[in-house]
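Keep the 3D view open and follow along from the overall fold to single residues.

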Amino acid sequence: MAVLVTGGAGYIGSHTVAALLERGEQIIVADNLQQGHREAVLGGKLYVGDLRDGEFLDTVFQENSIDAVIHFAANSLVGESMKDPGKYYHNNVYGTLSLLEAMIRHQVGKIVFSSTAATYGEPENVPIDEHDRTLPTNAYGETKLAMEKMMKWFDVAHGLKYISLRYFNAAGAHASGRIGEDHSPETHLIPLVLQAALGQRPHISVFGDDYPTEDGTCIRDYIHVSDLADAHVLAVDRLREGGDSAVYNLGNGTGFSVKQVIDIARWVTDHEIPAVMEARRAGDPAVLVASSERARQELGWNPSRAKLEDIIGSAWAWHRNNPGGYNKNG
Ligand code: UDP
């Protein structure tokens, strides 16, 4: 049986495809290539199309024996979601509805979902655990929460089993050097810092130094993309073993401020990396740090690439070797 990976040409999706291929799984990727890269799909069969197109999904399910889906395909930028929430509701929420309906039509009852710490909003407790309140501070997080809730009700009505993985801040690149992070436009802190190190941008902007944290900048929990990929493989295993629906946080449990990330990147890259203080970015909570105890205990997840200098080091290797990303190596 094959695993369908929606958004498998994207950053976390492509690393999960790599992890599934490494253990001999049959992979089908569905991606509209709006953000994804054909070159990032290291194997399996790629279908180019949009999840909102039910006929496209019928073709994918009819032509393959699929028993589980890993669902990444979505827009995922906090800032953009505050300016254009409609885009997020249309692609993320309607896209997921179309996917779940196709799964019901084709009797596929297992889905692993790419969710986010943005579902919590400003946390009640640090570290955050899965029982904490979910009150998103941005439209992106709100749509991911709506997608999770949709799965819950499809479980109640149709017995669809889902594992939702709420990631904290994905970073780093695959050890092979073949795949890494390449967003256009890039908005994430670590790749932007590394672009500044490469001289591709004059400086890194620090969005707010008046947060209630020790150095005034936002604190995030950075997790290696290949550790995230491993969690998806474990989640597929659990559903195939008959596991029930569940939600898990995925993070390292340690927070780093924006200023600390820049300092570690200066050390890793041996470049100056000028930083300029700017206004806060809309929708950003001050501190997001995960408790991933539940994923460790129930999925047997054990993130093995936890040190931030190693995470940034793997990203640095990718950016240095692919300064123009996938398409433009120069
Ligand atoms: N950030 C920043 N400058 C940038 C990009 C991001 O100061 O150019 C901050 C951002 O405000 C947040 C943290 O870095 O506090 C991580 O942001 P990112 O977009 O990487 O991930 P998010 O936490 O939004 O998923």
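Buried residues account for 49% of the 330 residues in the chain. Keep in mind that this is a predicted model. The chain holds ten helices and 14 strands. Its radius of gyration is 19 Å, close to the 20 Å that the globule rule gives for 330 residues, so the chain is as compact as a globular protein of that length. The C-alpha trace spans about 55 × 45 × 40 Å along its principal axes.

Now find strand S6, residues 161–167. How many of its residues are buried? Seven of seven, which makes S6 a mostly covered strand. Its side chains split into two sets. Lys-161, Ile-163, Leu-165 and Tyr-167 point one way. Tyr-162, Ser-164 and Arg-166 point the other way. Both sets are buried, charged Lys-161 and Arg-166 included.

Which strands does S6 pair with? One partner is strand S5, residues 110–116. S5 and S6 run parallel and are joined by seven bridges. Within this pairing, Phe-113 has Ser-164 of S6 as its bridge partner. To get from S5 to S6, the chain passes through helix H5, residues 139–158. This β-α-β crossover is right-handed. Another partner is strand S11, residues 246–250. S6 and S11 also run parallel, with five bridges between them. Here Arg-166 has Asn-249 of S11 as its bridge partner.

The loop between S5 and H5 deserves a stop. Pro-136 lies in it. Is Pro-136 buried or exposed? The cut-off for buried is 20 or more other C-beta atoms within 10 Å. Pro-136 has 23, so it is buried. Leaving aside neighbours within four places in sequence, Pro-136 is in contact with Ala-118, Thr-119, Gly-121, Gly-141, Glu-142 and Leu-145. Gly-159 is another matter: it is 23 residues from Pro-136 along the chain, and their C-alpha atoms are separated by 27 Å. Pro-127 is found in the loop between S5 and H5 too. A cis peptide bond joins Val-126 to Pro-127, with omega about -5 degrees.

There is a cis peptide bond between Ser-184 and Pro-185 as well, with omega about 0 degrees. Pro-185 is found in the loop between strand S7 (169–171) and helix H6.

Which residues come nearest to it? Of the 15 residues around the ligand, they are His-188, Leu-189, Phe-207, Cys-218 and Val-258. Two elements give two or more residues to this shell: helix H6 (189–197) and strand S8 (204–207). S8 gives the most, with four residues. By class, the shell has eight nonpolar, four polar and three charged residues.

Three strands form it, in the order S12-S9-S14, and the pairing is mixed. S12 (256–257) and S14 (287–288) are the edge strands, each pairing on one side only. Strand S9, residues 219–220, runs antiparallel to S12, and two bridges join them. Arg-220 stands opposite Phe-256 in S12.

Finish in the loops. Arg-38 is found between strand S2 (26–31) and strand S3 (45–48). It has 13 other C-beta atoms within 10 Å, so Arg-38 is partly exposed. Beyond its neighbours within four places in sequence, Arg-38 is in contact with Ala-9, Leu-33 and Leu-46. Gly-8 is 30 residues away from Arg-38 in sequence, yet the two are 9.3 Å apart in space, C-alpha to C-alpha.

Leu-33 is found in the loop between S2 and S3. Its phi is near 60 degrees, a positive value in a residue other than glycine. With 15 other C-beta atoms within 10 Å, Leu-33 is partly exposed. Ile-273 also has a positive phi, about 50 degrees, although it is not a glycine. Ile-273 is found in the loop between helix H8 (258–269) and strand S13 (275–278). It has 17 C-beta neighbours inside 10 Å, so Ile-273 counts as partly exposed.

Key: Residues numbered from 1 in each chain as written. Predicted model: local features only at pLDDT ≥ 70, side-chain atom pairs only at ≥ 80, totals over all residues. Near = placed C-beta within 6 Å. Rg over C-alpha atoms; globule rule 2.2 N^0.38 Å. Buried ≥ 20, exposed ≤ 12 C-beta atoms within 10 Å, placed from the backbone. Pairing = 2+ DSSP bridges. Right-handed = clockwise from strand over helix to strand, strands pointing away. Contact = placed C-beta atoms within 7 Å.
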